[in-house]
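Hello,

Here is the structure I promised to pass on to you. Have a look at it first, and then read my notes below.

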Amino acid sequence: MSQATYASSPAEEAYPDGETYDESPEAGRSRRRRFAMLAMWTIPWALYFGVHGGFSWHFFVQGSRLLFAGAPPGQPAGGLHLYANYPQLQIGPVTFAIGEVLRHLGKANGVVAAEAFMTVLGLVVLYCIERVGHAMRPELARSKQLDRTMLIGGGAFMIGWTDLSVAIGHLDDVLALTFVTLAVCALTANLPAVAGICLGLSVDAKPWALVFLALVLTVPSFMRREVAVVTIAVVVLAWLPFVVADWHTVTAASQFTIPNEAASSLRALGVPDASTPKWDRVGQIGLGCLLGGIAVWRRRWPAIILLGVGARIVLDPGVYAYYTSGILLGALLWDMLGLRRPIPLWTLVSGAALAVTPIFVSDAAVLGQVRLWLVVAFSAALLLAPAYPVGPLARRGLGRRRKTAR
């Protein structure tokens with residue numbers, strides 16, 4: 001299949017109502033203005049959250065010290081025994097490696113530098129989402145709907161992202177979401193090795209990113225093995241030294257539990273346990289991978305991130321606000337690619353349900369039901385309702401061109 005044949009694919013046809021396109025240099029200027037507006041929009045939110053920011057940054061300072069400098073005398077060993085002796089630090093080694101650099105930048109263990117770094121990554125994620133949209137639906141590059149979706153949806157996303165990056169300071173979630181977005185971007189550019197590295201680094205940043213592994217199934221079969229092998233290699237390279245040094249690394253994570261809060265969707269599901277059930281973390285990963293696999297089978301790969309984070313929320317005993325950023329990322333990607341006409345529908349609905357509702361509703365049981373039914377609603381909509389036929393996560397015709405070249 002020639003490049004010309006690819007350029008005339010159905011994904012690039014104009015909208016039936018005659019939506020106007022802009023192919024002039026003004027389109028590029030419009031994109032630059034939009035990102036400048038999003039950056040300016042982000043600054044006051046970062047300042048607002050920064051008043052009491054970096055709430056959890058101490059975990060990353062502690063973990064990086066334990067990993068690279070070892071534990072103080074009289075305390076359990078750090079280094080490669082980190083995860084076995086400190087199960088509360090359920091944070092990947094790649095995160096601690098980056099945290100080791102950030103904590104030396106400035107005062108207060110580098111918290112301000114870390115907040116700035118994590119916030120900028122949010123804008124990088126938005127840029128990647130737009131690149132993915134252009135690659136998979138080229139007509140969006142000439143559609144005014146792209147500007148509206150990215151500006152409104154991106155604005156909502158950056159509120160949730162700055163809550164994560166500044167207020168909470170969860171570097172592991174920031175890196176996991178950034179790397180999985182880079183993996184999607186690499187796959188649209190037909191860079192399977194790069195995609196495998198990024199997907200593996202996502203898991204190396206935070207283990208729950210295993211819910212995104214269905215992305216391996218989204219590419220043509222001749223690419224799939226390379227993506228899978230590289231992903232596995234990157235994950236094994238990061239985690240195997242800890243397992244070899246201390247086998248308890250494998251089981252220690254299950255020893256750490258958090259309260260099963262009254263407002264959690266886990267409570268709304270009828271799980272009465274006072275703290276994290278033993279099956280919970282495995283259940284989150286299993287459900288996320290299952291839903292991702294169904295999305296691939298239904299030819300709706302843009303739903304994988306939203307469904308994966310949704311599985312985390314629906315089975316999580318906690319109600320942490322920073323979970324919202326992952327939902328908003330997945331929702332924006334779906335709103336861009338999964339809907340026939342891109343609009344920030346699920347981005348705004350999800351943001352309202354998870355961030356706005358708690359401001360007006362104090363009943364914990366009601367909040368748990370809101371969280372539960374939000375996940376049920378978007379899962380059903382993404383998997384069952386009509387969707388835009390975006391196609392496989394690679395340029396159409398690549399496989400045939402490869403065979404021809406041989």
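A salt bridge here is a side-chain nitrogen of Lys or Arg within 4 Å of a carboxyl oxygen of Asp or Glu. This is a predicted model, in which local features need pLDDT of at least 70 and side-chain atom pairs count only at pLDDT 80 or more, while totals for chains, interfaces and linings use all residues. Residues are numbered from 1 along each chain as its sequence is written, and side-chain values use heavy atoms, leaving out hydrogens and water.

Side chains of opposite charge can pair when their charged atoms come close. Searching the whole structure gives 6 salt bridges. A network of them links Asp-172, Asp-173, Lys-206 and Arg-312.

Let's start with Asp-173. Its side chain meets that of Lys-206 in a salt bridge, at 3.6 Å from N to O. Lys-206 sits in the loop between helix H9 (192–205) and helix H10 (221–245), and Asp-173 in helix H8 (residues 171–188), so this pair ties together parts 33 residues apart in sequence. (Helices are DSSP runs of H or I, at least four residues, numbered from the N terminus.)

Asp-173 also forms a salt bridge with Arg-312, at 2.9 Å from N to O. Arg-312 belongs to helix H14 (residues 304–314), so here the parts tied together are 139 residues apart in sequence.

Are these residues buried or exposed? Asp-173 is buried, at 2% relative accessible area, where buried means under 20% with a 1.4 Å probe and protein chains only. Arg-312 is buried at 7%, and Lys-206 is buried at 9%.

Happy exploring!

Conventions
Helix = DSSP H or I, 4+ residues; strand = E, 2+ residues; numbered from the N terminus. Buried < 20%, exposed > 50% of the residue type's maximum accessible area, 1.4 Å probe, protein only.
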